[in-house]
Amino acid sequence: MHLSLRQLQIFSAIAEAGTTTAAGETIGLSQSAVSAALNELESLLGLALFDRIGRRLVLNGHGRALLPEARALLAGMADLERRFRSGQAGGAPVRWRVGASTTIGNYLMPSRIADLLESNGQAHVDLVIGNTREITSAVQRMEVDIGLIEGPNHEPGLDVAEWMDDELVIVFGERHPRAAALRAGAGLEALRQACWLLREPGSGTREAAEHALLPHLHGFAEVLQLGGTEAIKQGAVAGLGLACLSRHAVADLVALGKLQVLDSPLPPLRRRLWLVRHPGKRVPASLRQLLGLPADVFADG
């Protein structure tokens, strides 16, 4: 008897669901079939993979070691099926799950997805949006095919590559208490004393703002933390403080005159946007097209 992908699929489903009954519901098998497959797998390996706690199955040390290997094999098989499935006119059918941190997901990816769909009507992209920490964690768990992040990657064992540069701007709204003075610009001392609107820790936008500003300001006199880029934009419109955001993110409100870009003595503010992938994931042609990747980036795809 040999280890099978079906056994690994059932094992992974049990690990996620916690019971054989719930696992069977997710993969369309009866509880007895799931239990039999698990018993067969554990017998084949000569190891128990779960601790039985009441009706729940909790991964033990052997199970925790096997789970990432099983997921990598299952993802590799899914990639094989996707790459070699016969295509039809208009491009081969493909479905990608792309993880993107907030600014990238909301302001850069929609137009790229539209461009891909124009060239391949059978393509489908599921866009998962979160902060940088959430996206790198999703890449690590192989829940997405690739991640696009605005801050540094803190997850071990992932492949990282430069994607593109992004310009940051400081903006304020007409309701800001010092709006009249800010229209003429602001010096370093005024920036140091300002109230700054920032994202939560773990956000790439938060890290980018801190990396761009703190070397010059050496600290923030006052910070108001808001839970998303749109909240920060609207907070700036309402006059709550200054914001340092991607020019892409504020372009709409700047065009409407609701936000103004602040002139300051700071040098041009830029940040690097990054690609992250699990080593078990390939980056085939249609995904490269979506992201505009040159041939030498993740060349094994």
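Me: Hi! What do the side chains of R277 and D159 meet in?

Reply: They meet in a salt bridge, 3.1 Å from N to O. The term stands for a side-chain nitrogen of Lys or Arg within 4 Å of a carboxyl oxygen of Asp or Glu. R277 lies in strand β11 (residues 269-277) and D159 in strand β6 (residues 159-173), so the pair ties together parts that are 118 residues apart in sequence. Helices (H or I, at least four residues) and strands (E, at least two) are DSSP runs, numbered from the N terminus.

Me: What kind of model is this, and how are residues numbered?

Reply: This is a predicted model in which local features need pLDDT of at least 70, side-chain atom pairs count only at pLDDT 80 or more, and totals for chains, interfaces and linings use all residues. Residues are numbered from 1 along each chain as its sequence is written, and side-chain values use heavy atoms, with hydrogens and water left out.

Me: Back to that pair. Is R277 buried or exposed?

Reply: R277 is buried, at 4% relative accessibility, while D159 is partly exposed at 26%. Buried means under 20% relative accessible area, exposed over 50%, and partly exposed in between (1.4 Å probe, protein chains only).

Me: How many salt bridges does the structure hold?

Reply: There are 17. One of them joins E42 and R52, whose closest N and O atoms are 3.2 Å apart. E42 sits in helix α3 and R52 in strand β1 (residues 50-53), so this pair ties together parts ten residues apart in sequence. E42 is buried, with a relative accessible area of 11%, and R52 is partly exposed at 44%.

Me: What about E210 and R206, where do they lie?

Reply: Both lie in helix α9, four residues apart, or about one turn of the helix. R206 is buried at 14% relative accessible area, whereas E210 is partly exposed at 23%.

Me: Which residues are linked in a network of salt bridges?

Reply: E150, D166 and R271.

Me: How far apart are the end C-alpha atoms of α5?

Reply: They are 26 Å apart, which agrees with the 26 Å that the 18 residues of α5 (residues 102-119) should span at 1.5 Å a residue. The expected span is 1.5 Å times one less than the number of residues. Buried residues in α5 include I104, L108, M109 and I113.

Me: And how many aromatic pairs are there?

Reply: The count comes to two. In one of them, W196 and F220 are tilted, at 5.9 Å centre to centre with 50° between the planes. W196 is in strand β7 (residues 195-198) and F220 in the loop between α9 (204-217) and β8 (222-225), 24 residues apart. W196 is buried, with a relative accessible area of 0%. For the rule, rings of Phe, Tyr and Trp (its six-membered ring) pair if their centres lie within 6.5 Å; planes under 30 degrees apart count as stacked, over 60 as edge-to-face and the rest as tilted.

Me: Last one: how far is L253 from Q234 in space?

Reply: They are 9.2 Å apart, C-alpha to C-alpha, and 19 residues apart in sequence. L253 is in helix α11 (residues 247-255) and is buried at 7% relative accessibility.
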